[in-house]
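Hello,

Here is the structure I promised to pass on to you. My notes on it follow below.

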Amino acid sequence: MALAPSPQRSKTAARFAQKLASDKRFKILEAHIKKFQHRQDSLIEVLHRAQELFGYLEDDVLRFVSWQLKLPASRVYGVATFYHYFTLKPQGEHTCVVCLGTACYVKGSNKVLAAVEERLGVKPGETTPDKKVSLLTARCIGACGIAPAVVYDGHVAAKQGPADALQRLNQWI
Ligand code: FES
């Protein structure tokens, strides 16, 4: 007889079902994990893909990976904090993630990135000295139909040009 999932696991499943429905990035990450057949030894590859998708490894993403790979969260956090490559939390009050995936790139997201870099005086992965804004890049966040896409504080914005990005930044700084 199959064991019923624990109440905690069912709660987690319900929470992530919502994420999967509302945020394509989770869907893409899930497909990537499936490709590795949920193998626990794929953890580092999965975290790489997650960072490419989200720009950094936010709490929910790490918990999603732990849930999907059936690994203790402590192990996932342990690996994510061990490697310098992984960014757990942008230091800034706001985050601006510019998608550099192919669809966005060919529609000019490199120009958006250049404008943001110039305005903020920082490179991807850095935070402005006043800790206002962290700039990050991602690779295909699953919104190619509205390319170029930029994620401002977790909200995906469509068809962004340099002027749109600068207007947003000006509201922050
Ligand atoms: S390439 Fe940017 S959303 Fe797909």
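**Strand pairing and the core**

Val98 stands opposite Thr137 in strand β2. This is a predicted model, in which local features need pLDDT of at least 70 and side-chain atom pairs count only at pLDDT 80 or more, while totals for chains, interfaces and linings use all residues. Residues are numbered from 1 along each chain as its sequence is written.

β1 (residues 94-99) and β2 (residues 133-138) run parallel, joined by six bridges. Strands here are DSSP runs of E of at least two residues, and helices are runs of H or I of at least four, both numbered from the N terminus; two strands pair if DSSP finds at least two bridges between them. On β1, Cys96 stands opposite Tyr152 in β3, and these two strands pair in the antiparallel sense over three bridges. Five of the six residues of β1 are buried, so the strand is largely enclosed by the rest of the structure (buried: 20 or more other C-beta atoms within 10 Å of a residue's own, with C-beta atoms placed from the backbone; exposed: 12 or fewer; partly exposed: in between).

The largest nonpolar core has 38 residues, and Val98, Cys99 and Val116 are among those with the most contacts inside it. Such a core is a set of buried Ala, Val, Leu, Ile, Met, Phe, Trp, Tyr and Cys residues joined through C-beta atoms within 7 Å. Helix α3 (residues 43-54) gives the most to this core, with six residues.

Happy reading!
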